[in-house]
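Subject: Structure for your review

Dear colleague,

Please find below the structure that I am handing over to you. A summary of the findings follows.

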Amino acid sequence: LLLITMNLYQHSIATNEAKNLARQSLRAFITSPNNQMAESRGRQVVQTYEESLSDQDRDRRKFEIEFKCSNNPCLTPGGSVTAFLTVSIEG
């Protein structure tokens, strides 16, 4: 029972962590000064987070983020941007 409780707790923390990382990446994306820099700024948030992890966690976790825009070019008035963050954990 304790193991199940710990797994649920860890899953909950990981979910909240992923939501926050996606939100921060999206914020960096949409506050970019131009369309050319937006995606690299959003990805940089994920990269910076990965670099802050311990070596063990960095080896076990893989992050991928994708941004989808309703308009083209992306950063135009009235448009929307969605971030999709995938986190895979080995082990």
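Read along the sequence, the chain follows the pattern α-α-α-β-β, which comes to three helices and two strands. Helices (H or I, at least four residues) and strands (E, at least two) are DSSP runs, numbered from the N terminus.

This is a predicted model, in which local features need pLDDT of at least 70 and side-chain atom pairs count only at pLDDT 80 or more, while totals for chains, interfaces and linings use all residues. Residues are numbered from 1 along each chain as its sequence is written, and side-chain values use heavy atoms, with hydrogens and water left out.

Of the 91 residues in the chain, 21% are buried (buried means under 20% relative accessible area, exposed over 50%, partly exposed in between, with a 1.4 Å probe and protein chains only).

Helix α2 covers residues 35–52, a total of 18 residues. Its span from first C-alpha to last is 27 Å, close to the 26 Å expected at 1.5 Å a residue (the expected span is 1.5 Å times one less than the number of residues). Asparagine 34 caps the N-terminal end of α2, with a side-chain oxygen 3.1 Å from the backbone nitrogen of glutamine 36. Within α2, the residues Ala38, Gly42 and Val46 are buried.

The search of the whole structure found two aromatic pairs. Rings of Phe, Tyr and Trp (its six-membered ring) pair if their centres lie within 6.5 Å; planes under 30 degrees apart count as stacked, over 60 as edge-to-face and the rest as tilted. Phenylalanine 29 and phenylalanine 67 are stacked, at 4.4 Å centre to centre and 25° between the planes. This pair links helix α1 (residues 2–30) with strand β1 (residues 61–69), across 38 residues, and both phenylalanine 29 and phenylalanine 67 are buried. The rings of tyrosine 49 and phenylalanine 63 have centres 5.7 Å apart and planes at 85°, so this pair is edge-to-face. Tyrosine 49 belongs to helix α2 and phenylalanine 63 to strand β1, 14 residues apart.

Strand β1 also holds arginine 61. Is arginine 61 buried or exposed? Arginine 61 is buried, because its relative accessible area is 17%. Its side chain makes a polar contact of 3.0 Å with that of glutamate 17 (a pair of N or O atoms within 3.5 Å; within protein, one must be able to donate a hydrogen and the other to accept it, and residues adjacent in sequence count only if both atoms are side-chain atoms).

Yours sincerely
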